[in-house]
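Student: Please take a close look at a single part of this model, and then connect that part with what surrounds it.

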Amino acid sequence: MPNKNNNRIERIDEEYRKEISQIISYDLKNPNITGLISVTKVKVTTDLKYAKVYVSILNSKNINETMEGLKKSSGFIRTELAKRINLRNTPELIFEIDDSMEYGAKIDSILKEIMPKEN
């Protein structure tokens, strides 16, 4: 039966990802949070106590300030999440930077440098 529970957690992860994206984009009014913030994925623990929220931040004035702002706003985001998604527990949110997009862009630029120019 663990597979059934796994599917449930994956559905919850995806639902949280969508809702947190919406909340950050439309409801958050923190001037320290700048740039384009994408919630790339959410990983909820099986007991639903914690959720790691991976964000990618582009064009931010200050990425550290933006991360601090997100951490300070996590209570508000969690409250909004509880209103939108009806589960017994709403997990505590832990924000992490997802630099995979940045990493991908770096790899792309390295490949462009080392690939022979085609005529």
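**A loop residue and its setting**

Tutor: Thr90 is found in the loop between H3 and S3, where helices (H or I, at least four residues) and strands (E, at least two) are DSSP runs numbered from the N terminus. The model is predicted, so local features need pLDDT of at least 70 and side-chain atom pairs count only at pLDDT 80 or more, while totals for chains, interfaces and linings use all residues. Residues are numbered from 1 along each chain as its sequence is written, and side-chain values use heavy atoms, with hydrogens and water left out.

With a relative accessible area of 15%, Thr90 is buried (under 20%; exposed is over 50%, partly exposed in between, with a 1.4 Å probe and protein chains only). Leaving aside residues up to four places away in sequence, Thr90 touches Tyr16, Leu48, Arg78, Leu81 and Ala82, contact meaning heavy atoms within 4.5 Å.

Strand S3, on one side of this loop, belongs to an open sheet of three strands, ordered S1-S2-S3 with mixed pairing (two strands pair if DSSP finds at least two bridges between them). S1 and S3 stand at the edges, each with a single partner strand, so one side of each lacks a neighbour in the sheet. S1 and S2 pair in the antiparallel sense over eight bridges, and Ile37 has Ile57 in S2 as its bridge partner. Val55 touches, among others, Ile37, Met67, Leu70 and Phe95, not counting residues up to four places away in sequence.
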